[in-house]
Amino acid sequence: MRFSALITAVTHASLCFAFPPSYFERRTTLGTFSIDQMIDVNGAHAFQPPQSGDLRGPCPGLNAMSNHGYIPRNGIVLLADAITQSNKVFGLGIDASTAAGAMAVFGADLLAPGIPFSIGGRPTGLSGTHNQFESDTSPTRGDFYQFNGNNYDVQVRYFKELYDLQPQDPSANYNQAVLARHIKTRFQQSIAENPRFFHGPVQMAFSIITHLLVFGLMANHSAAQPDGFLQGDVLKSFYGIATASDGTLSYTHGHERIPDNWYRRPVSDEYGSVRAVPDIAALLLVAPEILAMGGNSNGTNTYTPLNVSSFTGGVYSAESLLVGNNAACFLFQALTILFPDVLNGVLGVVQGVVQGVVQGVIASLSSATASMLAGLTCPQLTSIDKSVLEQYPGYK
Ligand code: HEM
């Protein structure tokens with residue numbers, strides 16, 4: 001079965017599995033707040049942390065969906081289910097969700113029907129996808145070359161740094177402006193603490209996007225605040241963080257939880273490229289240094305930016321990336337160009353069924369990024385000189 005047909009088939013199956021038809025029929029309000037944005041956390045969708053043998057990984061969204069039975073509680077999910085359920089439960093745009101899902105094949109079983117992948121756990125699964133999908137400078141996860149390779153659990157120190165950016169009262173709102181301040185700190189920490197820090201184009205894209213997803217997908221919504229607000233308690237719940245009586249924060253692996261009375265984004269306002277492009281530009285106004293792709297070349301604090309012009313055959317420069325939507329253009333183009341290459345590099349020469357699956361996944365990512373680029377006027381980038389990345393130990 002072709003990948004697109006597979007997605008369609010499993011989409012239908014998973015819609016029936018997770019949401020009764022009435023769930024969709026009741027969704028009539030477009031562009032404003034509707035009570036139907038509330039996500040059910042009772043009955044079949046009650047919170048249940050992972051039991052022995054259940055897998056959880058670096059993504060708080062997938063972990064939370066697993067803990068609430070929106071995807072299988074054992075943490076092994078079909079690719080198409082991860083895509084459709086991210087869209088239904090959190091309002092992740094289908095373009096972004098498909099792109100994310102395509103990346104998950106690095107940790108997937110390409111020979112099994114439906115392309116199951118584990119949302120965490122080793123040796124396969126999302127936790128083991130460093131530099132293909134999992135990247136350095138995540139909002140709360142450690143870099144791969146720190147913490148003995150534990151790049152999947154929350155590092156409480158990083159969470160606390162984010163948490164402390166707002167007052168601990170109901171006025172707290174961890175919006176995109178707050179996340180932009182957080183990524184600045186995280187970037188400097190990677191330079192200062194990770195000797196093999198690598199911040200290539202794909203890694204930069206994931207670092208920016210995962211920061212934006214915190215508010216973009218975890219924010220609560222109400223009639224008074226239809227554009228979303230993200231208070232400390234909601235943030236902590238989605239991250240599996242608790243506060244002790246003395247105020248100390250602690251994390252329990254795999255305890256990410258959708259809060260009671262949580263309302264997702266409006267159906268008419270999914271978080272896809274249309275929303276992300278202006279958010280990327282706004283984040284980069286606050287944190288332009290993130291655009292300086294490169295890495296530590298010889299231990300901590302040896303950050304060496306790459307020559308963007310050489311890398312892109314003169315199409316972009318470090319300066320032009322900051323103009324208009326060029327940064328978003330570059331990120332989506334780089335994903336389109338680099339993804340097939342990385343995939344083939346990881347999988348080696350593949351044949352038969354797997355080859356067909358890989359081609360299908362590449363096609364689905366290309367079509368997702370093409371739709372992301374469709375609304376933008378971009379400089380034409382058709383190739384990238386990857387040899388300039390060889391200077392970074394973290395690239396290898
Ligand atoms: C097809 C669906 C998805 C896939 C394959 C996926 C995969 C991943 C992976 C591999 C990471 C680790 C990235 C890194 O550390 O560099 C990650 C992080 C993240 N994901 Fe997802 N994800 C998906 C859907 C979602 C959804 C629905 C949410 C909703 C909240 C979400 C929110 C996040 C956030 C906020 C992070 C950053 C975690 C942190 O470091 O604090 N993702 N995701």
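**Entry 1**

I note at the outset that the structure I am reading is a predicted model.

I looked up Asn-220 under this definition. Its relative accessible area is 10%, so Asn-220 is buried. I located Asn-220 in the loop between H8 and helix H9 (232-238). I then followed its side chain, which reaches the backbone nitrogen of Tyr-263 at 2.8 Å.

**Entry 1: Arg-275**

Is Arg-275 buried or partly exposed? Its relative accessibility is 38%, so I recorded Arg-275 as partly exposed. I also checked Arg-275 against Gly-216: the two are 59 residues apart in sequence, and their C-alpha atoms are 8.8 Å apart in space.

I traced Cys-59 to the loop between helix H2 (21-25) and helix H3 (60-67).

**Entry 2: the shell around the ligand**

I then examined the residues around the ligand, of which there are 26. Those that come nearest are Cys-59, Ser-135, Ser-138, Thr-140 and Tyr-239. Sorted by class, the shell holds 16 nonpolar, 8 polar and 2 charged residues.

Which helices each supply at least two residues of this shell? I listed H3, helix H4 (79-90), helix H5 (94-103) and helix H8 (201-218). H8 gives the most, with 5 residues.

I also recorded contacts with oxygen atoms of the ligand:

- A polar side-chain atom of Thr-140 lies 2.7 Å from a ligand oxygen atom.
- For Pro-139, a backbone N or O atom lies 3.4 Å from an oxygen atom of the ligand.
- For Arg-141, a polar backbone atom is 3.4 Å from an oxygen atom of the ligand.

**Entry 3: aromatic rings**

A pair of aromatic rings is described by the distance of the centres and the angle of the planes. I counted 13 aromatic pairs in the model.

I looked at Phe-198 with Tyr-392 and found a tilted pair, 5.9 Å centre to centre, with 40° between the planes. Why does this pair tie together parts that are 194 residues apart in sequence? Phe-198 lies in strand E3 (residues 198-199), whereas Tyr-392 lies in the segment after helix H13 (352-374), so the pair spans that separation. Both Phe-198 and Tyr-392 are buried.

Phe-198 also pairs with Tyr-395. That pair is tilted as well, at 5.3 Å centre to centre and 55° between the planes. Tyr-395 lies in the segment after H13 and Phe-198 in strand E3, so this pair ties together parts that are 197 residues apart in sequence. I compared the two residues for accessibility: Phe-198, with a relative accessible area of 3%, is buried, whereas Tyr-395, with 28%, is partly exposed.

I then noted a cluster in which ring pairs link Phe-159, Tyr-163, Tyr-174 and Tyr-239.

**Entry 4: a charge over a ring**

Finally, I looked up Arg-186. Its charged end sits over the ring of Tyr-158, 3.7 Å from the centre of that ring.

How values were computed
Residues are numbered from 1 along each chain as its sequence is written. This is a predicted model: local features need pLDDT of at least 70, side-chain atom pairs count only at pLDDT 80 or more; totals for chains, interfaces and linings use all residues. Side-chain values use heavy atoms; hydrogens and water are left out. Helices (H or I, at least four residues) and strands (E, at least two) are DSSP runs, numbered from the N terminus. Rings of Phe, Tyr and Trp (its six-membered ring) pair if their centres lie within 6.5 Å; planes under 30 degrees apart count as stacked, over 60 as edge-to-face and the rest as tilted. Buried means under 20% relative accessible area, exposed over 50%, partly exposed in between (1.4 Å probe, protein chains only). A charge sits over a ring if NZ of Lys or CZ of Arg is within 6 Å of the ring centre and within 35 degrees of the ring normal. A residue is near a molecule or strand if one of its heavy atoms lies within 4 Å of it. A polar contact is a pair of N or O atoms within 3.5 Å; within protein, one must be able to donate a hydrogen and the other to accept it, and residues adjacent in sequence count only if both atoms are side-chain atoms. Ala, Val, Leu, Ile, Met, Phe, Trp, Tyr, Cys and Pro count as nonpolar, Asp, Glu, Lys and Arg as charged, and the others, Gly among them, as polar.
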